[in-house]
Amino acid sequence: LAVADRVTDGDPDSWLEEFVGLGRRLLVEAERSTGAGRRRTAWGQALRSANYLFGGAWWAPATHRSGEVEQLWSTHRHAWDLAVELWPTPAGAEAVATPSGDLPGYRFHPGPNGSTAPGRPADPRGVVLMVQGLDTPLSDAAMTGLGEGLRRGWEVALVEGPGQGAALFRSSLSLAAGWDGVVAAAGDWARGPRTVPLVLMGVNHGSWFVLDGLLGGATADAVVLDPGVVDRAADCGGVGDDPIASAKLQMATGTTSVAEALAVIDGYRIDPADLGRVQAPTLVASAESAESFRGQSQLVEENLAGPVSPVRFTDAEGAGLDCEIAAPQLRNAAVYDWLEATVANG
């Protein structure tokens with residue numbers, strides 16, 4: 001809020017300068033704290049830096065620094081990787097072998113006995129593979145299920161597919177390359193040879209990728225969709241009138257015009273009738289005042305074959321925005337209470 005006070009209304013350049021500036025300052029502080037042995041402090045600083053850097057760069061296409069998107073993302077990723085290095089429980093980056101090539105992944109282990117204390121990896125309750133939105137940074141995962149999962153003794157894995165993060169910026173894998181087989185391969189990587197339960201958790205557009213993956217052969221012991229998504233294109237209405245959304249969509253899809261980008265996105269649809277092939281127990285979240293994918297959670301609920309647990313989040317409890325972004329503790333409590341009652345070992 002203090003930084004927002006310094007942002008000039010209607011001036012995206014001031015937004016970028018102020019929030020990216022804060023992110024850079026925090027990154028310097030995180031590196032200084034690391035050098036001084038203050039790892040826990042540095043961890044928090046690095047996570048905050050990653051979020052401010054990404055949030056600040058969100059408006060880059062509308063600023064005089066529109067050509068610096070990749071550079072700004074790279075600085076954000078450096079802050080995230082520093083946070084992973086400093087994570088209070090065992091964590092690290094791994095390559096995920098998929099039909100689209102090796103993709104960036106991260107694995108986070110719970111501490112001994114499911115605590116957040118450092119130490120050898122404990123036997124987890126299960127493994128949660130999180131698949132996030134198309135333009136969602138990995139640092140958001142700390143809020144949308146990663147932190148709570150570790151506190152409760154779950155192992156959590158993250159993966160970036162075509163059109164996302166490092167797959168896009170470092171490997172030039174755009175959404176046009178497709179996600180065929182990515183979720184199934186990432187699930188195999190996340191669980192490995194173990195017999196622990198595997199949960200596929202889709203957040204925002206990630207729910208589409210999860211459902212498409214399940215229809216394409218991925219398996220899971222439980223599924224979390226926040227929200228349910230069958231039509232990715234439904235969230236792109238009017239994108240041609242929004243230069244920022246248009247620029248981001250073209251970048252993610254690897255196209256050179258809005259029309260081409262929308263054509264790629266238009267192919268990301270699921271026939272609700274096909275959801276009858278999804279047998280896994282599924283939690284489907286919906287937020288009362290969400291602006292994206294309206295009505296799609298209910299459509300998913302009505303067509304899934306397996307046991308369905310609808311969870312409604314309301315404005316009255318502060319959780320009515322998209323993906324319950326203003327009430328992550330409430331959202332995560334509902335999700336992990338359900339998982340522990342549905343599939344968890346122990």
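How many helices and strands does the chain have? The chain has eleven helices and eight strands, where helices (H or I, at least four residues) and strands (E, at least two) are DSSP runs numbered from the N terminus. This is a predicted model, in which local features need pLDDT of at least 70 and side-chain atom pairs count only at pLDDT 80 or more, while totals for chains, interfaces and linings use all residues. Residues are numbered from 1 along each chain as its sequence is written, and side-chain values use heavy atoms, with hydrogens and water left out.

**Overall build**

- Along its principal axes, the C-alpha trace spans about 50 × 50 × 45 Å.
- Of the 346 residues, 55% are buried (under 20% relative accessible area, 1.4 Å probe, protein chains only).
- Among contacts (heavy atoms within 4.5 Å) with a separation of 6 or more, 71% join residues 24 or more positions apart.

- Eight strands form an open sheet in the order 1-2-4-3-5-6-7-8, with mixed pairing; two strands pair if DSSP finds at least two bridges between them.
- Strand 1 (91-98) and strand 8 (308-313) each have a single partner strand, so one side of each is left without a neighbour in the sheet.
- On average, neighbouring strands of this sheet are turned by 20 degrees against each other, direction ignored.
- Strand 2 (residues 101-108) pairs with strand 4 (residues 155-159) in the antiparallel sense over four bridges, and Arg107 has Ala157 in strand 4 as its bridge partner.

**Helices on the sheet**

- Helix 3 (residues 69-85) packs on the sheet and touches strand 1, strand 2 and strand 4, its direction making about 45 degrees with that of strand 2; axes are lines fitted to C-alpha atoms, for helices over the stretch in contact, and angles run from 0 to 180 degrees between N-to-C directions.
- Helix 7 (residues 206-215) lies across strand 3 (127-131), strand 5 (198-203) and strand 6 (222-226), running at about 140 degrees to strand 5.

**A look at Gln132**

- Gln132 sits in the loop between strand 3 and helix 4 (146-151), and is buried with a relative accessible area of 3%.
- Not counting residues up to four places away in sequence, Gln132 touches several residues, including Leu138, Gln164, Val203 and Phe209.
- The Gln132 side chain reaches the backbone oxygen of Pro137 at 3.2 Å.

Key
Buried means under 20% relative accessible area, exposed over 50%, partly exposed in between (1.4 Å probe, protein chains only). A polar contact is a pair of N or O atoms within 3.5 Å; within protein, one must be able to donate a hydrogen and the other to accept it, and residues adjacent in sequence count only if both atoms are side-chain atoms.
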